[in-house]
Amino acid sequence: MAASGSSNNGRGSTLMLRSAGRPPWYTPDGRNIPAYMVGIAGASASGKTSVARQIVESLNVPWVVIISMDSFYRRLTPEESKQAFQNNHDFDHPSSYDFAAAVRALESLKHGKATNIPQYDFATHCPSNETLHVYGASVVVFEGIFALYDQRVLDMLDVKIFVDTDSDVCLARRIRRDVAERARDPLGVLQQYDRFVKPAYDGFVRPTMNNADIIIPRGLDNHVAIGLMIQHIKRQLDDHNAVLMRPTLLNRYGKTRSADDSLFLLPQSNQVRAMRTILCDRTTPRDDFIFYSDRLSRLVIEYALAQLCLTEKTAITPMGLPYHGYAIASNISSVTILRAGGVMEKALRSVARPAHYGKILIVGDPKSHEPRLHYANLPPAISAHQVLLMDSTIVSGANAMMAIRICLDHGVSEHNLIFISLLATPQGTRAIQAAFPAVKVVTAILDSHISSDDLLIRSGYGLFGDRYFGTEV
Ligand SMILES: Nc1ncnc2c1ncn2[C@@H]1O[C@H](COP(=O)(O)OP(=O)(O)O)[C@@H](O)[C@H]1O
Ligand SMILES: Nc1ccn([C@@H]2O[C@H](COP(=O)(O)O)[C@@H](O)[C@H]2O)c(=O)n1
């Protein structure tokens, strides 16, 4: 996957976005646009993987991923494993694959969900202990001898490719590759080829050529066919990015001045009003700005914590009597949108003990100001948690919407999400609530006046992160 990184967070390898930011992969209503699915089938060693890699390299964006069918080989019994080491196991019959698992994984990826993909070890004939955690793919390339075989997979694919390479060439390449990369000996490769690979190609794989939209003779050597394919996929990606999120949201929700009923606005005490006055005063020195931001953050965090679901708990008092009360929620994850949201994490740590912490980096595109996702690292068990998602300010709602979408893609339920901010516009909170009605939006201050040139809230804090961290130009 181009420009992707890998790190380990206890679940195995993690494939995550970094470098070039990912544009929104969902509609202004918050619904995921299905990933574009490419299937590449063909004989063993025909060049499927090489064609897939060429497509990924030419697209040169980090939100393209290759999924190999090898990941879905069935686990062998001890007897089958023994046969496999003697080149006597049939890996080329459709029954050697777990198609149901492949379909589940592809469905998840198609719908933008974070997915764990098993990894296969050809030297041991069994899945390795590693899984690859894939998130953030707008294009999924699925390659393997049976990529165009199963009807459920075919139904998901947007374009179906068959790589048609001469069988002598495939055999020569397979011997070289299996000896060099798969710990085989040449005679064993030939034995397996004659007994299983060739008959299965003729009986099962070759007929799937009829399911292909495009047949690429000679695989990687066919520059024209591959070039056309890449142009086609590029056009699909451009179509995805045609809608500009911020102007669309402001146009849709900009007319309204009233806050939505389900918005949780911090009670506007005199102290809150005074803190707001200090924070929006351009002459406020930085240490005061930090002090009152931290104080307001603690208040709004406490108010958000009050919206968490509680479980009942009975305590026994020092007098030995039962007191029927509530347990402090322990299954909380905090996710901050960097960097301004980090200020609120500090406040959260001072009043609560979330189980896990996550970070999301969203940066506005310098030209279009559209949100671009640069980095997302969420706690592994987040799907079972109540999640506090934090950013200093909501203007159009576009950044918040991206962060919420990421949490939902990682299995968090809308009902378990609370978005907390220090300042918000009713337009922005309405945009969020229209897309994700069950998400609770908690804010300290509400203001509807957005300046049209820089999209800042007119009587707001200015650029909050710059004022807090002292990076104002
Ligand atoms: N056009 C080509 N010219 C030379 N070698 C190639 C070409 N295409 C693929 N190969 C090599 O052949 C082997 C099998 O190719 P691969 O793309 O892995 O095939 P598949 O995924 O269909 O099994 C690899 O070692 C690869 O580097
Ligand atoms: N343990 C295994 C599993 C599979 N094979 C062979 O791999 C071929 C599919 O992979 P390609 O990259 O070549 O498409 C298939 O033909 C199996 O025979 C194996 O040898 N050992």
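How many nonpolar, polar and charged residues does the shell around ligand 2 have? I looked this up before anything else. The shell has 7 nonpolar, 3 polar and 2 charged residues. I count Ala, Val, Leu, Ile, Met, Phe, Trp, Tyr, Cys and Pro as nonpolar, Asp, Glu, Lys and Arg as charged, and the others, Gly among them, as polar.

**Ground rules.** I am working with a predicted model, where local features need pLDDT of at least 70, side-chain atom pairs count only at pLDDT 80 or more, and totals for chains, interfaces and linings use all residues. I number residues from 1 along each chain as its sequence is written, letter chains from A and number ligands from 1 in the order in which they are written.

**Whole chain.** I found 14 helices and 19 strands. Both are DSSP runs, numbered from the N terminus (helices: H or I, at least four residues; strands: E, at least two). The C-alpha atoms fill a box of roughly 85 × 65 × 35 Å along the principal axes. Of the 473 residues, 41% are buried, which asks for 20 or more other C-beta atoms within 10 Å of a residue's own, with C-beta atoms placed from the backbone.

I checked the UniProt record. An unreviewed entry places "domain: Phosphoribulokinase/uridine kinase" at residues 38-224. Such annotations may be inferred rather than shown by experiment. The span is 40% helix and 22% strand, and its end C-alpha atoms lie 18 Å apart.

**Ligand 2.** I listed its neighbours, meaning residues with a C-beta atom, placed from the backbone, within 6 Å. Among them are Ser44, Asp70, Tyr73, Phe91, Asp92, Phe122, His125 and Val197.

**Ligand 1.** Here I found 13 residues, and Gly47, Lys48, Thr49, Ser50 and Leu220 come nearest. Helices α1 (48-59) and α5 each give two or more residues to this shell. The largest share, 3 residues, comes from α1. By class I noted 2 nonpolar, 7 polar and 4 charged.

**Helix α6.** I turned to residues 186-205 next. I located a kink of about 50° centred on Tyr193. That bend is the angle between axes fitted to the seven residues ending there and the seven starting there. Tyr193 is also buried, and so are Val189, Gln192, Val197, Ala200, Tyr201 and Val205. Val197 also belongs to the surroundings of ligand 2. The buried residues of α6 pack against β3 (36-42) and α5 (167-181).

Technical notes: The expected span of a helix is 1.5 Å times one less than its number of residues. A residue is buried if 20 or more other C-beta atoms lie within 10 Å of its own, exposed if 12 or fewer, and partly exposed in between; C-beta atoms are placed from the backbone. Two residues are in contact if their C-beta atoms, placed from the backbone, lie within 7 Å.
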